[in-house]
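Subject: Structure for your review

Dear colleague,

Please find below the structure that I am handing over to you.

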Amino acid sequence: MYTRIAVAQMDAAPDPADNLQAAAHFAAAAQGRADLLMLPEYTMTYPVHRLPDGMPFPGGQSLDGPFVSGLRTLARAHRLWITCGVIEQAAGDPRPYNTTVVLSDTGELVSVHRKCQLYDAFSYRESDHFRPGPARFSPIRTPFGTLGLIVCYELRYPELARLAALEGADFLLVTAAFVRGPHKADQWHTLLRARAIENGCFVIGCNHTKPHVFLGESAAYAPDGAPLLEMDDTPGLAFLACDRDQIASVRESCPVLTQRREDLYTLR
């Protein structure tokens with residue numbers, strides 16, 4: 001039982017229409033070759049200059065706006081499931097949500113994840129520009145496996161990955177804009193690989209690439225931690241095939257999920 005995944009690495013422009021055109025190019029290239037197309041965090045828009053402290057992230061749209069509507073058309077036209085990072089503007093706060101949408105191959109908006117663990121670290125405050133999501137993502141069943149989803153900085157919270165695995169996730173999809181910096185590439189790959197080994201699931205990181213800003217190096221790891229994919233730091237599209245039978249095999253030989261001593265893990 002193989003799941004075919006296309007991982008698109010891109011450098012988003014400020015104009016959502018330009019980025020939708022780039023997504024269309026990737027979707028056309030993935031048609032017939034993948035069940036799922038992954039697009040990174042901030043696919044919809046990214047500004048040219050760093051935002052001033054306290055300024056809401058610009059360019060947001062509602063989930064029924066032109067960008068997500070265009071993605072739905074692409075998913076339906078190319079018979080692809082799509083995950084994609086968007087900027088979701090909603091009432092009640094000038095700050096948008098940092099959202100990843102999940103679309104079915106019929107163009108249905110199946111689920112959304114509003115990033116709940118914001119990147120207030122390394123001298124940056126994402127919460128100045130976005131509001132935090134209210135909940136973690138609940139895994140969803142698809143014809144090619146059960147999907148868990150986290151966004152970028154959430155990769156540093158093993159609890160989110162573990163809960164997804166306990167709820168049946170075969171795949172942990174990571175939409176990201178992981179920044180460049182000292183040791184950051186090592187951290188990115190270590191965290192992706194650790195989440196795979198800890199939970200006996202496939203972990204696929206789709207990272208944004210932007211010179212001097214985002215790392216690129218999208219990567220995938222098997223349930224036993226074996227590397228399946230590693231991209232460079234330039235825009236492009238890569239494919240991988242994941243044998244879902246590996247999940248049961250790895251979890252049987254190393255049953256960390258079923259051997260958990262929950263009586264030891266509660267803080268009192």
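Predicted model: local features only at pLDDT ≥ 70, side-chain atom pairs only at ≥ 80, totals over all residues.

Two helix pairs

I begin with helix 1, residues 16-30, and helix 2, residues 66-78. Their axes lie 10 Å apart, and the packing angle is about 10°. Angles under 35 degrees count as roughly parallel, so helix 1 is roughly parallel to helix 2. The crossing of these two helices is right-handed.

Which residues of helix 1 and helix 2 meet? On the side of helix 1 they are P16, N19, L20, A23, A24, A27 and A28. Helix 2 meets them with P66, F67, G70, L71, L74 and H78. Sorted by class, this contact holds ten nonpolar and three polar residues, and no charged ones.

The second pair is helix 3, residues 158-166, with helix 4, residues 184-199. Here the angle is about 40°, and the axes are again 10 Å apart. Helix 3 and helix 4 are therefore oblique to each other. They too cross in a right-handed manner. Helix 3 makes the contact through P158, A161, R162 and A165, while helix 4 uses R195, E198 and N199. In this contact there are three nonpolar residues, one polar residue and three charged residues.

Empty space in the model

Rolling a probe the size of a water molecule over the atoms shows where empty space is left. When the whole structure is searched, one cavity of 30 Å³ or more is found. The largest cavity holds about 50 Å³ of space. Its lining consists of H113, R136, F137, G148, L149, I150, E154, L160 and A164. Strand 9 (145-151) and helix 3 are the elements that each give two or more residues to this lining. Of the elements, strand 9 gives the most, with three residues. The cavity lining comprises five nonpolar, two polar and two charged residues.

How many residues line the largest pocket, and which of them lie nearest its centre? The lining has 28 residues, and those nearest the centre are Y46, Y124, V179, V213 and F214. The volume of the largest pocket is about 510 Å³. By class, its lining is made up of 16 nonpolar, four polar and eight charged residues.

Yours sincerely,
A colleague

How values were computed. Residues numbered from 1 in each chain as written. Heavy atoms only, no water. Axes fitted to C-alpha atoms, helices over the stretch in contact; angles between N-to-C directions. Helix = DSSP H or I, 4+ residues; strand = E, 2+ residues; numbered from the N terminus. Parallel < 35°, antiparallel > 145°, perpendicular 65-115°, else oblique. Left-handed = near helix turned anticlockwise from the far one by under 90°. Contact = heavy atoms within 4.5 Å. Nonpolar A, V, L, I, M, F, W, Y, C, P; charged D, E, K, R; others polar. 1 Å grid on protein atoms, 1.4 Å probe; cavity = no way out; pocket = protein on both sides within 12 Å on 5 of 7 lines; lining within 4 Å. Points joined across faces, edges and corners; volume = space filled by probe spheres on them.
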